[in-house]
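Hello,

Here is the structure you will be working with. Please open it and keep it in view while you read the notes below.

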Amino acid sequence: MRRNRKKTSIVWQELTVVKLADGTKRVQCNHCKIKLSKNKDGTTTQYKKHLDGCVKHRLSLKGQGNLFLPPQTPRSNSASGVLNFVDVPPLHSGVFLYDALYKCLQDWGIEGKVCSISVDNASYNDVAVRMLKDSL
């Protein structure tokens with residue numbers, strides 16, 4: 001009789017094993033609900049690769065470093081629409097956020113092609129957006 005091993009990989013915090021109507025087991029992403037085949041040998045490499053590319057998983061990550069542009073962005077080469085994730089270390093201020101955003105826009109060559117920016121209601125975002133508006 002085979003004993004079930006304890007699941008120690010961090011991917012199991014983001015994935016769930018589900019049983020389909022036909023009795024087969026699949027691994028489902030908690031974010032995008034895609035069902036992946038379940039490996040009998042217990043390896044998790046394919047699940048880690050899925051989570052690395054899962055847009056909804058990346059958007060769920062907390063922090064000020066997330067910059068997401070929708071899929072219709074002309075310069076985006078990936079189907080996901082994510083150009084980059086940028087770490088902006090604390091202390092968050094409008095000037096630091098502006099510097100990080102403007103540097104990304106320059107690196108991508110789109111600083112003159114931005115038509116809208118969406119931010120939450122943090123006060124430093126107001127400063128960053130005002131500075132971007134003035135420089136763009």
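This is a predicted model: local features need pLDDT of at least 70, side-chain atom pairs count only at pLDDT 80 or more; totals for chains, interfaces and linings use all residues.

Residues are numbered from 1 along each chain as its sequence is written, and side-chain values use heavy atoms, with hydrogens and water left out.

Helices (H or I, at least four residues) and strands (E, at least two) are DSSP runs, numbered from the N terminus. Two strands pair if DSSP finds at least two bridges between them. Strand 1 (residues 15-19) and strand 2 (residues 25-29) run antiparallel and are joined by five bridges. Across from T16 is Q28 in strand 2. The hairpin of these strands has five residues between them, and G23 takes a positive phi near 95° there.

A nonpolar core is a set of buried Ala, Val, Leu, Ile, Met, Phe, Trp, Tyr and Cys residues joined through side-chain atoms within 4.5 Å. Buried means under 20% relative accessible area, with a 1.4 Å probe and protein chains only. The largest core has twelve residues, including L97, W108, I110 and Y124. Helix 3 and helix 4 (123-135) are the elements that each give two or more residues to this core. Its largest share, seven residues, comes from helix 3. Another core, of eight residues, lies apart from it and includes V11, L15, C29 and C54.

A100 is in helix 3 (residues 94-108). It counts as buried because its relative accessibility is 19%. V88 is twelve residues from A100 in sequence, and their C-alpha atoms are 7.2 Å apart.

Regards

Conventions
Buried means under 20% relative accessible area, exposed over 50%, partly exposed in between (1.4 Å probe, protein chains only).
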